[in-house]
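User: I would like to go through this structure and ask what stands behind each label. Please set the values against the definitions as we go.

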Amino acid sequence: MDWRRSMNQKMLKLENLLRFHTVCRQLHSLGQRRTLAQWRRVFSSAYPGWAAQQYTQPWQTDMLLGAALSQYRLLVTKKEERSRKSQLSSPKSKKEVEAWIGMTVEELATAMEKDIDYIYEALMNTSIDIDSLEADSHLDEVWIKEVIKKAGMKLKWSKLKQDKVRENKDAVRRPQADPASLIPRSPVVTIMGHVDHGKTTLLDKLRKTQVAAMEAGGITQHIGAFLVSLPSGEKITFLDTPGHAAFSAMRARGAQVTDIVILVVAADDGVMKQTVESIQHAKDAQVPIVLAINKCDKADADPEKVKKELLAYDVVCEDYGGDVQAVHVSALTGDNLMALAEATVTLAEMLELKADPTGPVEGTVIESFTDKGRGPVTTAIIQRGTLRKGSILVAGKSWAKVRLMFDENGKTINEACPSMPVGIIGWRDLPSAGDEILEVESESRAREVVEWRKYEQEEEKNKEDLKMIEEKRKEHQEAHRKAREKYGTLHWKQRSFIKYQEKKEQKILRPKEKLERDSNILPVIIKGDVDGSVEAILGIMDTYDASHECELELVHFGVGDISENDVNLAETFHGVIYGFNVNASNVIQQSAAKKGVKIKLHKIIYRLVEDLQEELSSKLPCIMEEHTLGEASILATFSITEGKKKVPVAGCRVQKGQLEKQKKFKLIRNGHVIWKGSLTSLKHHKDNVSVIKTGMDCGLSLDEDKIEFQVGDEIICYEEKEVLAKTSWDPGF
Ligand SMILES: Nc1nc2c(ncn2[C@@H]2O[C@H](COP(=O)(O)OP(=O)(O)OP(=O)(O)O)[C@@H](O)[C@H]2O)c(=O)[nH]1
């Protein structure tokens, strides 16, 4: 029968292929440590040359074995699959594998401490297309689980790598409200204008009219904003930090709280530089202007001139056919301030300012500060919803359970509706001005949001670091372009390897000899999560220019978690292992501890570099630093006779600190040290003393009697302290 013959042929072919595969496997075990997948790559480690020397024609084996395997994959039977499964899951290989979603075939193999072929074999007879699977192909969660399960190993999701695919947990503003739920709200106003044109005076006056209206003698609190109620019942919220700097700082942070700008122009001064800047800021933010022509009480006030000047900046007042209301005021006398407020309200009505007072609160932090008794306090403008005691808020990277709310008069309030300025107490940390305030449903949700934002910031920082480092590396590369020309277009791994070899050739030393070398060498092993980060670190190491202090030697580098091999290398070379965004399992950590190998793991590159600098510094001998204890000036010189000897004595006055007889001294003349040593005597009048303090006179003699004192010399008392030296290497960030 045809099918039977064909089946027999297939079985025969399969047997042959299996035999071939076994031979190939035996070749592997005969000391040939390279695997099929490793052969595919040109350079698989820091020592690619070794592989090249050992396998003169690796492609031949690769092609044969590759072809054999793909046939074998097609013809494999359930029986063989079962036996292979049992082989894969032999109890010997039971271990915990730290994996992460999206890891590559190679990364999984490394994590399992297996050959890449092991992964291919484990995935045979599954729906995954093995032929298209490369060492750097990313594996889905299901396949990672499958391989680890088949291997009889225990899967442990790596925290670090899992983080990389963390779900966005941020809180955001709600979609636009249903127009039916909107109610009118009062305008939020910022006062802007040129220096000295009267912004602060105007704000003060407006605030005071309010206090007087509310409670005579009430004490206003500066909370960043205040509310003014007009006799008509209308309300205006004034932000009370005048000037466009504050306005644009808020805008720069994405906060747009201002509805109207009151542009203050002094009638005696006219349009000035910051008047123009203020107009520009208002225009950029698309916020309409009400013009307050101030200082109209002054004799030389010329409001018409102001209006005319403004025409040049597209601020056209109503008198000139435009739509900008101009009010002549005097902030000093308070004249016409109500007219200004009414003009603002009129403009607000035209703007039809509305907000939704229901649902979770949305707002903006206007100011934040720490109060000694009450902790972090913020002032906010509510923009949506109604804030109540007990609400849970997030702002920036802080959250609050609202404990207390108060207005600008310090009065406790129970509710704050849209456009209302409100002081809020209950923050865990201090948010920043301009931070968006959002109400969330629970404390746990608030914590989650804050945690996410911190994580996101850290990620952002890492990216920035990498970018900065990349820029630095490029700069450096450019500076050394000529030196690098000989490396041509080689891959960075090849380049680094050549450099490594060049270095090695300069001093060929065996590991044992390395041990005997002086300690002024820091051998390092660099491991990173991806090629890019390793390259960035190597790029920084390229800038190392302090070999005269301590040699920095790159022993090995690569991508992936810290392995036993790294630890062994570090032990042999007395080196330190630096890992960036990689893990070192407990087993590896223990092994390293036993072998006295330092493993330093970092998530931020500049911290890793700082650590490297510290490690380099620790290799340097300590330096002695002089610490001055006291300074005295010599006011008189004389000598005393001791036996037959004449001993010169200096009459001094201590100018600073104190002189301590037991410490070290130096004599300074015209800025030069002419003697260093100790005192043989220190006297106050006729008494021997051990210490002379500031302002006191003393007589002293030195252990060197050939020195002749001169009036005007200086005596310095000091002590020497050992301080740790610092590497002079400055990677530039
Ligand atoms: N005569 C008169 N003087 C005024 C008026 N408004 C303000 N001044 C005076 O002008 C000076 C400056 O006033 P400020 O309110 O400090 O001006 P500012 O615009 O806030 O100034 P900066 O804070 O420096 O930007 C002060 O001496 C005020 O007393 C006014 O309407 N009439």
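**Labels and their cut-offs**

Analyst: Helices here are DSSP runs of H or I with at least four residues, strands are runs of E with at least two, and both are numbered from the N terminus. The model is predicted, so local features need pLDDT of at least 70 and side-chain atom pairs pLDDT 80 or more, while totals for chains, interfaces and linings use all residues. Residues are numbered from 1 along each chain as its sequence is written, and side-chain values use heavy atoms, without hydrogens and water.

User: Why is aspartate 435 called buried?

Analyst: Buried means under 20% relative accessible area, exposed means over 50%, and partly exposed is in between, with a 1.4 Å probe and protein chains only. Aspartate 435 has 10%, so it counts as buried. Aspartate 435 sits in the loop between strand 17 (421-427) and strand 18 (436-440).

User: What makes aspartate 531 partly exposed?

Analyst: Its relative accessibility is 31%, so aspartate 531 falls in the partly exposed class. Aspartate 531 belongs to helix 19 (residues 531-542).

User: Which backbone atom does the side chain of aspartate 435 reach?

Analyst: The backbone nitrogen of serine 432, at 2.8 Å. A polar contact is a pair of N or O atoms within 3.5 Å; within protein, one must be able to donate a hydrogen and the other to accept it, and residues adjacent in sequence count only if both atoms are side-chain atoms.

User: Which polar atoms lie by oxygen atoms of the ligand, and at what distances?

Analyst: A side-chain N or O atom of threonine 200 is 2.6 Å from a ligand oxygen. For threonine 201, a polar side-chain atom is at 2.5 Å from a ligand oxygen. Leucine 332 has a backbone N or O atom 3.2 Å from a ligand oxygen.

User: Which residues of helix 21 are buried, and why are they said to line one face?

Analyst: Ile588, Ser591 and Ala592 are buried in helix 21 (residues 586-595). Viewed down the axis of helix 21, the buried residues fall within an arc of 100°, so they line one face. The arc is taken over the directions from the helix axis to the C-beta atoms. An α-helix has 3.6 residues a turn, so residues three or four places apart point the same way.

User: What does the face of helix 21 turned away from its buried side carry?

Analyst: The exposed residues Asn586, Gln590, Ala593 and Lys594.
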